[in-house]
Amino acid sequence: MNPTETIRSIQENIARVIKGKPHVIEMSLVALLARGHLLLEDVPGVGKTTLAHSLARSLDCSFKRIQFTSDLLPSDIVGVSIFNRQKQAFEFIPGPIFANIVLADEINRTTPKTQSSLLEAMSEAQISFDNTTYPLHQPFMVIATQNPAEYHGTFPLPESQLDRFLMRLRIGYPSQEEEKKVLDRPQSLHPAEALQPLLTAKDVLSLQEQVDNVLMEDSITDYLLTIVQRTRQSELLSLGVSTRGALALSRAAKAMSFVRGRTYCLPDDIKELAPIVLSHRIMVARAQGVRQRSCEQAERIIQDLVDSIPVPV
Amino acid sequence: MPFDQALRFTSIWLAATSFIGLTLGAGLPEWLTVLTGAALIVALLRNAGRKSVERLAGSMPISTIGWNLLVMLGFLGFWVDMLWVSGDLLPAGIHFLMILMIIKLFTLKLRRDYVHLYAISLVAILASGSLTTELWYLPIFLLYLFAGVWTLLLFQLTKHSEGTQILTMPVVVPPQPSESVDQVTPQLFWLANGLALATFGLTVVIFFTIPRISAGFYQKGFGENIRTSGFSETVNLGEIGPIKRDPSVVMRVELPDGAPHEVGRFYVRGVAFDQYDGKTWTNRLNYRRNISEDAIGTFVLRRSRLPAPPALGETIRQNILLEPLDTPVLFAAPFAEQVSGTFPSLQSDLIGSVYLPFPSSSRIEYSVRSRSNPVLSTDLDSEPILYPESFIRHFLQIPAQSDRIATLAADVTHTQRTTYEKANAILSFLTHNFRYSLDAPLTGQDQPLEEFLFTRKTGYCEHYATAMVMMLRAIGVPARLVTGFLATEWNEYGNYYVVRQQDAHAWVEVHLPHSGWITMDPTPSSIESVGGGFPAWHALGRMMDTLRLQWGRFFVQYSAADQLTVVRELKAGSTSARNKALDSMSTLFSPLLAMLSGVTEYASKWTMRAWAEVLGLALLSLVVLLWLVIKQPWGQGIISKKTTHNEQFIVQLYGQMTTQLARKGISRRTTMPPLEFVRFTQERWSDAGSAVAFITALYCRARFGQIPPTREELSLAEGHLRNLTTLSKS
């Protein structure tokens with residue numbers, strides 16, 4: 001099976017669970033293939049967890065779920081050292097972070113201390129504990145979900161940590177017809193449990209390698225960098241996109257080209273991805289008279305920005 | 001013409017020019033010349049698409065390994081050639097180079113084969129450049145330059161992304177409309193030629209203004225020195241004869257004051273001899289002393305006599321361009337008073353000859369002021385006088401066996417009274433009673449002079465002059481033999497005499513009591529002319545020679561000193577002073593313009609116009625270059641992109657598609673990426689959707705993915721575009 005067909009079959013697989021959201025499914029695959037982490041931000045109950053679950057089920061690899069609560073401790077994520085009486089030594093018991101796909105549910109419900117222990121693992125792909133470094137499993141992907149910041153009882157993630165997520169997706173409410181299909185489904189079994197794995201961890205790694213070979217022509221790189229530059233110069237924003245952000249956009253564009261069956265990027269990829277890859281990395285200037293962390297606001301600013309930049313043809 | 005074919009054509013052109021340059025410069029052996037020429041012609045015919053030649057070449061039973069073996073064989077041959085046949089590295093290397101070129105010409109397939117061919121051509125043209133300083137190199141080099149610019153340009157244009165694609169010989173023209181981009185369009189044609197011209201113009205400017213460091217590795221004398229005879233300290237009678245058939249140019253004597261009164265006879269004095277032993281002339285007064293230097297580079301031989309005699313002879317100024325000779329003698333019209341040139345020192349002997357310290361190995365230029373001695377009226381009626389002893393010993397010496405000559409001399413002159421009359425009598429006797437012929441084999445004789453005077457009565461200048469000297473001495477008149485050149489070839493385009501080996505001459509100097517030494521020439525003036533034929537042909541020859549002279553003078557010899565002069569004159573800043581560079585260029589072009597001026601009869605204005613034109617040309621090329629640098633028409637457009645035929649073609653189709661859509665009122669905003677534009681179009685004009693999507697997909701793949709569309713895809717795309725056109729019309 002060639003890569004394009006493989007990817008399509010996974011999309012179809014997930015689409016059996018998540019109705020009417022092909023774009024979200026596609027983007028979560030893009031994040032996977034770009035070796036990125038995914039932040040799903042939306043109101044409770046629109047299928048964030050289900051999406052993560054379905055993706056993990058479609059791949060034949062380990063999957064752990066951490067429910068973030070306000071009393072969660074770093075050791076609950078990373079693991080803990082326990083004294084082994086037989087061996088007369090401390091023994092490291094790996095935490096749930098040691099899995100291929102980690103679902104960090106409601107990440108903004110926990111304290112910053114616990115959040116940072118997860119985010120460190122995300123950027124380094126390894127854990128340091130008691131002077132020993134433990135590499136995490138490959139592929140490694142964190143799918144975090146969070147409720148919009150304005151909801152009660154949340155600890156918002158700082159920008160530096162948001163930067164570690166490749167993209168921030170909003171799922172949104174399904175249309176009435178799609179919602180009806182969800183309701184018509186038999187309630188006995190969680191729909192994600194019925195999914196069959198289609199890819200092994202090894203397959204995913206090989207796909208990720210193929211993404212690296214996607215060609216990004218010079219003029220497109222220039223286009224990308226122009227966009228990044230403009231975010232730094234824009235008066236609407238108090239914080240522009242970092243170099244890591246530019247890198248993320250480039251990687252995401254390559255992955256998206258690959259997911260769409262191309263071996264080269266198009267300006268369209270950049271333009272389409274810019275809002276979801278860049279919007280969580282910027283800070284909207286206070287002078288704009290809006291709440292700072294408004295997700296839609298940031299996306300709209302990026303979208304307007306991109307709409308004003310000439311595209312190489 | 002498609003790029004591929006044009007590239008093949010210019011590549012062969014490039015190889016051909018360097019081959020011609022090498023043939024003219026190095027003198028390749030005939031078989032190699034013929035072989036290379038044949039290879040070039042075959043390559044050219046193959047390129048022109050001659051089926052039969054292609055079949056023939058295709059059926060050649062030599063595989064790649066075979067060709068490689070041939071190269072190895074050629075390399076072996078190179079060693080054999082170097083060690084035994086030519087015995088030298090340079091000719092052997094050149095022969096090997098030509099063999100490599102032949103092999104390459106037959107195996108031109110991949111792009112790197114072409115690169116090899118260019119490298120070979122470059123080495124060849126450089127080699128021929130270092131082997132020659134002749135004028136013909138200029139047009140060859142110009143051709144090479146043009147070919148080079150074309151080839152580089154086309155090579156870049158046809159560059160495939162893979163870099164090793166095969167440039168197959170049979171021309172495959174993709175199905176495409178005539179206005180396709182990958183053709184040599186008029187714009188490209190002029191762009192390439194303009195580039196070449198601009199390069200050349202800039203080179204000329206650089207040549208004249210950028211400081212140079214001479215004495216490179218390849219710096220050497222300009223070829224072999226010309227072998228002369230008659231200018232050493234002893235000369236056998238008859239020695240000049242053999243060289244009288246040699247047309248090679250020895251020097252050019254420019255007369256800045258214009259044509260002399262007697263056009264066609266200009267004596268250039270070399271050395272004189274006082275002693276004759278019956279066979280050989282010897283110069284016993286050969287003690288050389290250094291000439292005092294008046295100013296730097298100006299040497300004075302004779303001060304103007306004080307008080308000045310009433311009737312001094314005419315002063316003749318000459319600028320002499322002397323080819324490298326095997327003798328240190330500096331030639332000048334009789335008698336040199338002042339010599340200026342860039343010499344460290346000069347020497348002269350007692351007999352009035354001027355010498356360099358050693359023979360020059362390169363062409364030298366110097367100017368001379370000469371003044372001949374006129375015959376004073378006091379000599380016309382005075383009696384012979386008594387000469388001092390030393391004078392008698394040198395200039396009245398007679399070999400032992402010449403009694404018959406003395407009798408003859410007495411016979412001829414017994415009716416004359418004065419020395420001058422006697423000399424004239426002998427002169428007319430010799431001129432009228434003897435026949436001039438170069439065929440007289442007098443060299444081997446025991447008594448060549450008697451043989452000439454009494455038996456054969458046939459001889460050439462040396463015999464005439466020797467006879468006259470001997471006869472004069474026999475009757476007590478001091479005389480000596482002078483060798484030099486009798487210039488007859490006046491070049492009216494450059495105001496100079498061309499002096500050739502065949503103009504070598506011997507004549508007589510007679511001493512008159514009051515006037516001093518005067519020149520007399522007993523040889524009949526009806527020397528065989530330079531050759532018959534069509535007069536216009538000669539005019540053309542003279543014009544070419546002028547060009548050659550100026551070439552040598554202003555390009556080959558142009559030195560750091562000349563550049564300093566240019567800079568100094570520029571610094572002087574006088575607005576009226578034309579700088580030397582322009583001046584020299586105007587002189588270079590003036591012969592051509594002078595020819596034109598004959599037609600238009602505006603002779604006086606031409607020089608000004610000439611340099612104005614040259615200046616204009618240089619400025620124009622600068623402007624063109626600047627424009628190209630600023631505008632960079634290749635920057636975004638067609639030229640330096642790594643594009644292939646098909647890529648170019650789909651880009652064009654896409655362009656045509658957007659034009660079609662724009663006509664329909666659907667135009668792409670600059671912020672709209674291609675696929676978004678497709679959706680945008682589909683929303684507005686759903687019929688066109690599939691066509692636009694197809695063409696855009698192909699275009700994007702070629703443009704951003706660098707995957708050129710295949711021929712089938714292209715024809716499909718063309719079909720879609722046609723549909724679009726019909727749709728938009730309906």
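Predicted model: local features only at pLDDT ≥ 70, side-chain atom pairs only at ≥ 80, totals over all residues.
I'll start with chain B as a whole. Chain B contains 23 helices and 21 strands. Out of its 730 residues, 35% count as buried. If we take the contacts in chain B with a separation of 6 or more, 77% of them come from residues 24 or more positions apart.

Next, where the chains meet. On chain B, eleven residues are in contact with 17 residues of chain A. Which elements of chain B give two or more residues to that side? They are α21, residues 674–684, and α22, residues 689–705. By type, the chain B side consists of six nonpolar residues, four polar and one charged.

Staying with α22(B), let me turn to its packing against α23(B), residues 711–729. The two axes come within 9 Å and cross at roughly 145°, and the crossing is left-handed. From α22(B), the residues involved are Ala691(B), Phe694(B), Ile695(B) and Leu698(B). Facing them in α23(B) are Glu713(B), Leu716(B), Ala717(B), His720(B), Leu721(B), Asn723(B) and Leu724(B). That contact is made up of eight nonpolar residues, two polar and one charged.

Lys271(A), Ala274(A), Pro275(A) and Leu278(A) of α11(A) meet Glu299(A), Ile302(A), Gln303(A) and Val306(A) of α12(A). Sorted by type, these are five nonpolar residues, one polar and two charged.

Now the cores. In soluble globular proteins, nonpolar side chains tend to be buried together. The largest nonpolar core in this model has 114 residues. Val30(A), Leu33(A), Ile101(A), Met167(A), Leu249(A), Ala252(A) and Val277(A) have the most contacts inside it. Which helix gives the most to this core? That is α10 of chain A, residues 243–259, with nine residues. A separate core has 78 residues, including Leu322(B), Ile426(B), Leu430(B) and Ile518(B). Going back to Val30(A), and leaving aside neighbours within four places in sequence, its contacts are Ala252(A), Ala255(A), Met256(A) and Val259(A).

Ser117(A) sits in helix α5, residues 112–124. Is Ser117(A) buried or exposed? It counts as buried, because it has 20 C-beta neighbours inside 10 Å. Beyond four places in sequence, Ser117(A) touches Pro74(A), Ile77(A) and Val78(A).

Last, the backbone. Most residues other than glycine have a negative phi, and most peptide bonds are trans. Gln138(A) and Pro139(A) are joined by a cis peptide bond, with omega about -10°. Pro139(A) is in the loop between β8 and β9 of chain A. In chain B, the bond from Pro334(B) to Phe335(B) is cis, with omega near -15°, and Phe335(B) is in the loop between β10 and β11.

Two residues have positive phi. Arg35(A), with phi near 60°, lies in the loop between α2 and β1 of chain A. Arg35(A) counts as buried, because 20 C-beta neighbours are inside 10 Å. Lys457(B), with phi near 55°, lies in the loop between α13 and β16 of chain B. Lys457(B) has 14 other C-beta atoms within 10 Å, so it is partly exposed.

Conventions: Residues numbered from 1 in each chain as written. Chains lettered and ligands numbered in written order. Contact = placed C-beta atoms within 7 Å. Helix = DSSP H or I, 4+ residues; strand = E, 2+ residues; numbered from the N terminus. Nonpolar A, V, L, I, M, F, W, Y, C, P; charged D, E, K, R; others polar. Axes fitted to C-alpha atoms, helices over the stretch in contact; angles between N-to-C directions. Left-handed = near helix turned anticlockwise from the far one by under 90°. Core = buried A, V, L, I, M, F, W, Y, C linked by C-beta atoms within 7 Å. Buried ≥ 20, exposed ≤ 12 C-beta atoms within 10 Å, placed from the backbone.
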